[in-house]
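Please keep the sequence and the structure in view while reading.

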Number of protein chains: 2
Amino acid sequence: MSDIQKLADGVRTGNIRSLAKAITLIESRNPDHSGDAASLLDQLLPDSGDSIRIGISGVPGVGKSTFIEALGMNLLQQGYKVAILAVDPSSQLSGGSILGDKTRMENLAREANAFIRPSPAGSNLGGVARKTRETMLLCEAAGYNIIIVETVGVGQSEIAVAAMVDFFLLLQLANAGDELQGIKKGVMEIADAILINKAEGENRPRAELARQQYENALHLLRPKNDHWQVPALLCSALHHQGIDEVWNLILDFVATMKKEHQFTSKRQLQATDWMWTMVMDNLKDLFLQDKNVAAMIDQVQTGVSNGTTPPSVAAKRLLEAFKRN
Amino acid sequence: MSDIQKLADGVRTGNIRSLAKAITLIESRNPDHSGDAASLLDQLLPDSGDSIRIGISGVPGVGKSTFIEALGMNLLQQGYKVAILAVDPSSQLSGGSILGDKTRMENLAREANAFIRPSPAGSNLGGVARKTRETMLLCEAAGYNIIIVETVGVGQSEIAVAAMVDFFLLLQLANAGDELQGIKKGVMEIADAILINKAEGENRPRAELARQQYENALHLLRPKNDHWQVPALLCSALHHQGIDEVWNLILDFVATMKKEHQFTSKRQLQATDWMWTMVMDNLKDLFLQDKNVAAMIDQVQTGVSNGTTPPSVAAKRLLEAFKRN
């Protein structure tokens, strides 16, 4: 039996050391490891998929860790195995802004059936997201049936996370002033639910007002799915209030999607979209590294930018240069 | 002087026949014409750009034609030359759902300083959008200093139009019932203003209520530009009410963007984005037409879709097949 087969077997039995080693292989930047990584994924893919994949986002300070810990402990008590992953392309620069250490989720970190993995390093979102996506498959093969993917509410990482999960939850706060905390462009429309955290004590009435305002705003958008009206909910992660409601909502969503035959088809679409994203990224690299293209790209881009070359003419010239090779 | 030089000169003097002939050349699907079309664009590009480009969208029945006619007549009276173009990839199939004939804008159609051009034929959005974008440049070279690009509020055409204009206006209605007319996914976030039409007679209070609701919803989204809070306005295109306010708003927007040095830079970014879109579309075609890729693509896609091949492994195999040529 090859080393990779042994590693795959270890992952399948739920051995934590094997899982950690497998993830390290997937995350490796050494090109010599990529064949083994592909082979490992090939072997474990049939064992993956039996899970609910939940994306969670929100700006720093919204209480993501507290919420994930509350939800995670709740799920462990119900007998689930929970893996918590992260997508944060800035973590390398900032020294690990999320999930950099396990002390943020003290209780979960002590549980045998919880697996916490910080964001893979890298400043390139595509690369970071690929690694997290494949780590998710490894965790599923290891028996984790709830996968939580956390991301920070800045940049494009939310779009990347939404593209790898079944359900995307946006955490928000009711701000101190009258103004609500603005939702970032594009995010309201990928959320399957909006959850207003810290709805506790004297903050509760303000949170309820915010909830109504978000719900009104959500009604102005055509639903992204005909079978799901995106709701706005309240919770207090600190006081473990509203956690069951969120979980029941997720179960309701999953049941609805399965009933409408959209659960598996969404995953299939995510997988093919992901393949095409990687193909196109690589094609672009090939194109930019082409000698003929590289020799003229600066001049052509400048021409387009300063309005002396029509974009269609510029594209044609570059493509002809590429085809000459 | 070559025929193309003569045609370019004709366009520059504002000759309508030359402009129509030039547009026909740009729209031609005959590959033999593409060299001439590129040469014409090259010659006229330095004369283009001196305009305000306005995108207008809204579902059928919202009153786009009536509004464009009202705004257009207003602009003609102020001495502007107005070109009205369209992006509608479905027009070929539906027999011209928008701007298929000039009778929709009877008054404008009779004016010497208004130029109305229906959507180019084609079911492929990229191709239709390219032709409209280049027709816009020809119209500018012919002296039209207001370009209105109309599109229907279905499909992805709004995103394509927003990518070619300075200002994007979304027309909405206050619905008969309590429910507001939902705004399509992604569109609220590309709009620079929302205009509620048919705010007239007994419909006026409902329209004002809708306006407030949209304005509240817009406040929940972080503005796409720090220097512009997207407003919601009322108008009655039928009774020519609120048209001046819309025009003043557009002038205000243009002045603000110019003051912030964002007017030209946005156009530069649109031009380079456009070039890259065309390059990537063509690269994808090259890839799909590659013999090695074509021989395995179905099998690989099926493997990804049914969960037996990891997307990263599939992408790698396809790229290796492509590179073998």
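Two strands are said to pair if DSSP finds at least two bridges between them. Helices (H or I, at least four residues) and strands (E, at least two) are DSSP runs, numbered from the N terminus. The model is predicted, so local features need pLDDT of at least 70 and side-chain atom pairs count only at pLDDT 80 or more, while totals for chains, interfaces and linings use all residues. Residues are numbered from 1 along each chain as its sequence is written, chains are lettered from A and ligands numbered from 1 in the order in which they are written, and side-chain values use heavy atoms, with hydrogens and water left out.

**The chain as a whole**

Chain A contains 13 helices and seven strands. Its radius of gyration, taken over C-alpha atoms, is 22 Å, close to the 20 Å of the globule rule (2.2 Å times the number of residues to the power 0.38) for 325 residues, so chain A is as compact as a globular protein of that length. The C-alpha trace of chain A spans about 65 × 60 × 40 Å along its principal axes. Of the 325 residues, 56% count as buried; buried means under 20% relative accessible area, exposed over 50%, and partly exposed in between (1.4 Å probe, protein chains only).

An automatic or database domain assignment divides chain A into domain 1 (1-47), domain 2 (48-260) and domain 3 (274-323). The centres of domain 2 and domain 3 of chain A, taken over C-alpha atoms, are separated by 38 Å.

**The sheet**

In general, strands of a sheet pair through backbone hydrogen bonds, either parallel or antiparallel. In chain A, seven strands form an open sheet with parallel pairing, in the order E3-E2-E4-E1-E5-E6-E7. Strands E3 (114-116) and E7 (232-234) of chain A each have a single partner strand, so one side of each is left without a neighbour in the sheet.

| Strand pair | Bridges | Residues standing opposite |
|---|---|---|
| E2(A) and E3(A) | three bridges | A:Ile84 and A:Ile116 |
| E2(A) and E4(A) | six bridges | A:Ala86 and A:Glu150 |
| E6(A) and E7(A) | three bridges | A:Leu195 and A:Leu233 |

**Strand E2**

Is strand E2 of chain A largely enclosed or left open? Six of the six residues of E2 (residues 82-87) are buried, so this strand is largely enclosed by the rest of the structure. A:Val82, A:Ile84 and A:Ala86 point one way from E2(A), whereas A:Ala83, A:Leu85 and A:Val87 point the other way.
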